[in-house]
Amino acid sequence: MNNAVFPGSFDPFTLGHESVVRRGCKLFDKLIIGVGTNTTKSYLFDLDERTAMIERVFADEKRIEVKSFSGLTVDFCKEHNANYILRGLRDGKDFFYENSIAVMNTSLSPGLETVFLLTAAEYAGISSTILREILRNNGDISAFVPEGMMIA
Ligand code: ADP
């Protein structure tokens with residue numbers, strides 16, 4: 001079994017994230033979306049809200065699970081027998097950030113590989129940070145997130 005974890009803050013989950021999940025899940029037997037807490041970030045949606053929103057998007061997908069976690073991604077992967085981490089890359093800035101994390105994760109957990117998918121071109125400009133700014137200023141983000149995700 002090849003199980004992967006797609007870890008992230010997902011504050012909020014975007015069409016860019018959804019594209020990575022839908023393309024990535026074809027590569028693995030099971031994909032677990034790990035909704036985490038990055039201690040360097042301040043959040044707009046709390047952990048339960050972020051998790052519930054993503055669960056709505058993938059409610060019909062048997063091979064995709066959504067779980068919240070705290071602590072190290074490598075420990076979360078061990079707990080769920082995942083031998084791959086999935087991450088998305090938009091640009092060089094993402095690459096530099098992701099590169100050091102991936103190297104550290106393999107050092108912490110030998111055998112754990114990180115697989116990167118490039119962003120789909122049409123979603124390259126979408127970032128959760130910008131969507132949070134739009135929301136804080138009462139703007140509409142519905143064109144950038146999966147349909148129905150925000151409606152409880
Ligand atoms: P984190 O706080 O762990 O960086 P994010 O929610 O910001 O979590 O991002 C999770 C993953 O999704 C990261 O690998 C990030 O590079 C990737 N990602 C974010 N936006 C996009 C996008 N528009 N297209 C492809 N990948 C993306």
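Is Phe28 buried or exposed? Phe28 is buried, with a relative accessible area of 6%. That value comes from a predicted model, as do the others in this report.

**Aromatic pairs**

Phe28 belongs to an aromatic pair. Two quantities describe such a pair: how far apart the ring centres are, and the angle between the ring planes. Across the whole structure, the search turns up six aromatic pairs. In one of them, the ring centres of Phe28 and Tyr84 are 5.4 Å apart and the planes meet at 45°, so this pair is tilted. The cut-offs explain the label: stacked planes are under 30 degrees apart, edge-to-face planes are over 60, and the rest are tilted.

The two partners come from distant parts of the chain, 56 residues apart. Phe28 is in the loop between α1 (15–24) and β2 (30–35). Tyr84 is in strand β4 (residues 84–89). Tyr84 is partly exposed, at a relative accessible area of 25%, whereas Phe28 is buried.

Aromatic residues also gather elsewhere. One aromatic cluster is formed by Phe6, Phe10, Phe13 and Phe58. Another ring, that of Tyr43, has a charge over it: the charged end of Arg50 sits 4.0 Å from the ring centre.

**The loop between β1 and α1**

Phe10, a member of the aromatic cluster, lies in the loop between β1 and α1. Phe10 counts as buried, because its relative accessibility of 4% is under 20%. Its backbone stands out too. Most residues other than glycine have a negative phi, and most peptide bonds are trans. Phe10 is not a glycine, yet it has a positive phi of about 55°.

Pro12 is in the loop between β1 and α1 as well. The peptide bond from Asp11 to Pro12 is cis, with omega near 0°.

Asn81 is another residue with a positive phi, near 50°, and it is not a glycine. Its place is the loop between α3 and β4. Is Asn81 buried or exposed? Asn81 is exposed, with a relative accessible area of 61%.

**Salt bridges**

The count comes to eight salt bridges. Three of them are set out here.

| Glu61 | Arg22 | 3.1 Å |

Start with Glu61 and Arg22, whose side chains meet in a salt bridge. This pair links distant parts of the chain, 39 residues apart. Glu61 is in the loop between α2 (47–57) and β3 (64–68), and Arg22 is in helix α1. Glu61 is partly exposed, at 33% relative accessible area. Arg22 is partly exposed, at 31%.

Glu65 is partly exposed, at 26% relative accessibility. Lys67 is partly exposed, at 30%.

Glu98 is buried, at 6% relative accessibility. Arg87 is buried, at 18%. Elsewhere, salt bridges with shared partners join Glu18, Arg22 and Glu61 into one network.

**The largest pocket**

Glu98 and Arg87 turn up again here. Rolling a probe the size of a water molecule over the atoms shows where empty space is left. The largest pocket has a volume of about 1,200 Å³. How many residues line the largest pocket? The lining has 47 residues, and those nearest the centre are Gly8, Lys41, Arg87, Tyr97 and Glu98.

Several elements give two or more residues to this lining: β1 (3–8), α1, α3 (73–79), β4, α4 (92–108) and α5 (128–136). The largest share, nine residues, comes from α4. By type, the lining divides into 18 nonpolar, 20 polar and nine charged residues.

**A residue on α3**

Helix α3 also holds Glu79. Glu79 is exposed, with a relative accessible area of 60%. How far apart in space are Glu79 and Val21? Their C-alpha atoms are 20 Å apart, and in sequence the two residues are 58 residues apart.

Technical notes:
Residues numbered from 1 in each chain as written. Predicted model: local features only at pLDDT ≥ 70, side-chain atom pairs only at ≥ 80, totals over all residues. Heavy atoms only, no water. Phe/Tyr/Trp six-rings, centres within 6.5 Å; stacked < 30°, edge-to-face > 60°. Helix = DSSP H or I, 4+ residues; strand = E, 2+ residues; numbered from the N terminus. Buried < 20%, exposed > 50% of the residue type's maximum accessible area, 1.4 Å probe, protein only. Lys NZ or Arg CZ within 6 Å of the ring centre and 35° of its normal. 1 Å grid on protein atoms, 1.4 Å probe; cavity = no way out; pocket = protein on both sides within 12 Å on 5 of 7 lines; lining within 4 Å. Points joined across faces, edges and corners; volume = space filled by probe spheres on them. Nonpolar A, V, L, I, M, F, W, Y, C, P; charged D, E, K, R; others polar. Salt bridge = Lys/Arg side-chain N within 4 Å of Asp/Glu carboxyl O.
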